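Here is a short note for your review. Please read it with the model open.

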Amino acid sequence: MPLLILDLDNTLVDRDAAFRAAATALLAEHALPETDIEWLMTLDASGYTPKPAVAEAMADRYGTALPETAIRTLLDRGAADRVVLAKTTREALTKALTDGWTCVIVTNGRTVQQEAKIRNTGLKRLVQGWVISERVGHRKPDPEIFHAAAEVVGVPLSGAWIIGDSPSADIGGANGLGLRSVWVSGGRPWPEDSYRPTHVASRVSSAINFAIGTT
């Protein structure tokens with residue numbers, strides 16, 4: 001069976017929901033305005049804003065009302081401590097493994113954070129390996145990170161499927177390598193004109209089931 005390459009944040013796990021829960025708890029703990037949650041979510045930008053920039057903006061906004069250690073804890077462990085693996089996602093991955101697929105996670109981010117998510121959710125037992133950008137020195141959509149994933153699990157990259165929520169990092173990466181892809185849209189419209197995914201699914205479980213049903 002071909003290789004199944006899966007994104008982590010906001011694909012296999014709802015990273016934004018986990019960060020929202022952690023940030024909401026932080027605001028309540030320090031008696032800060034609960035309406036600031038939307039400012040924090042925008043600032044965080046689904047984890048794409050560099051952590052030092054987020055920390056600086058939070059320190060400027062809250063000053064002494066929010067200790068530096070509390071900011072650091074939110075950014076280092078907030079989402080990682082709260083992510084969960086949906087039952088439907090677990091079932092789809094289990095079916096992929098039962099059908100003989102090799103599943104590997106490819107994610108941008110920091111190694112400690114991303115591996116904590118993989119362990120805490122039980123994904124470690126549902127995939128054959130993972131590649132994290134900080135560790136390999138390449139970020140999606142760079143071809144090198146996908147080649148590294150194939151090497152980790154010892155399966156050719158040719159014929160692989162890439163599943164993810166990012167039009168650029170995931171689907172753009174697949175397009176650059178000539179690989180098939182499923183975009184996990186979450187109900188969003190496709191934003192690019194120059195390329196398109198092979199298939200669009202609203203949820204990752206549907207994306208996995210589509211990919212493994214084509215071979």
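1. Basis. This is a predicted model: local features need pLDDT of at least 70, side-chain atom pairs count only at pLDDT 80 or more, and totals for chains, interfaces and linings use all residues. Residues are numbered from 1 along each chain as its sequence is written, and side-chain values use heavy atoms, with hydrogens and water left out. Helices (H or I, at least four residues) and strands (E, at least two) are DSSP runs, numbered from the N terminus.

2. Largest pocket. Its volume is about 490 Å³. Asp9, Gly47, Lys51, Asn108 and Gly109 are the closest to its centre, out of 31 lining residues. A pocket here is an open set of points on a 1 Å grid over the protein atoms alone, where a 1.4 Å probe fits, with protein on both sides within 12 Å along at least five of seven lines; lining residues have an atom within 4 Å of a point. Points are joined across faces, edges and corners, and the volume is the space filled by probe spheres set on them.

3. Its lining. Helix 1, helix 4 (68-78), helix 6 (111-120) and helix 9 each supply at least two residues. Helix 4 gives the most, with 5. By class, the lining has 8 nonpolar, 11 polar and 12 charged residues. Nonpolar covers Ala, Val, Leu, Ile, Met, Phe, Trp, Tyr, Cys and Pro; charged covers Asp, Glu, Lys and Arg; the others, Gly among them, are polar.

4. Second largest pocket. This one holds about 230 Å³. Of its 17 lining residues, Thr11, Leu12, Val13, Asp14 and Ala86 lie nearest the centre. Helix 1, helix 5 (87-98) and helix 10 (204-212) each supply at least two.

5. Helix 9 (residues 167-177). Its buried residues (under 20% relative accessible area, 1.4 Å probe, protein chains only) include Pro167, Ile171 and Ala174. The buried residues pack against helix 8 (143-153), strand 4 (161-164) and strand 5 (180-184). Glycine 178 follows the helix, with a positive phi near 70°.

6. Which residues does aspartate 44 touch, not counting residues up to four places away in sequence? They are Arg15, Phe19, Thr49 and Val54, where contact means heavy atoms within 4.5 Å. Aspartate 44 sits in helix 2 and counts as buried, at 0% relative accessibility. Aspartate 36 lies in the loop between helix 1 (15-29) and helix 2 (37-44). Aspartate 36 is buried too, at 8%. Leaving aside neighbours within four places in sequence, aspartate 36 contacts Leu27, Arg61 and Tyr62.

Notes:
Buried means under 20% relative accessible area, exposed over 50%, partly exposed in between (1.4 Å probe, protein chains only).
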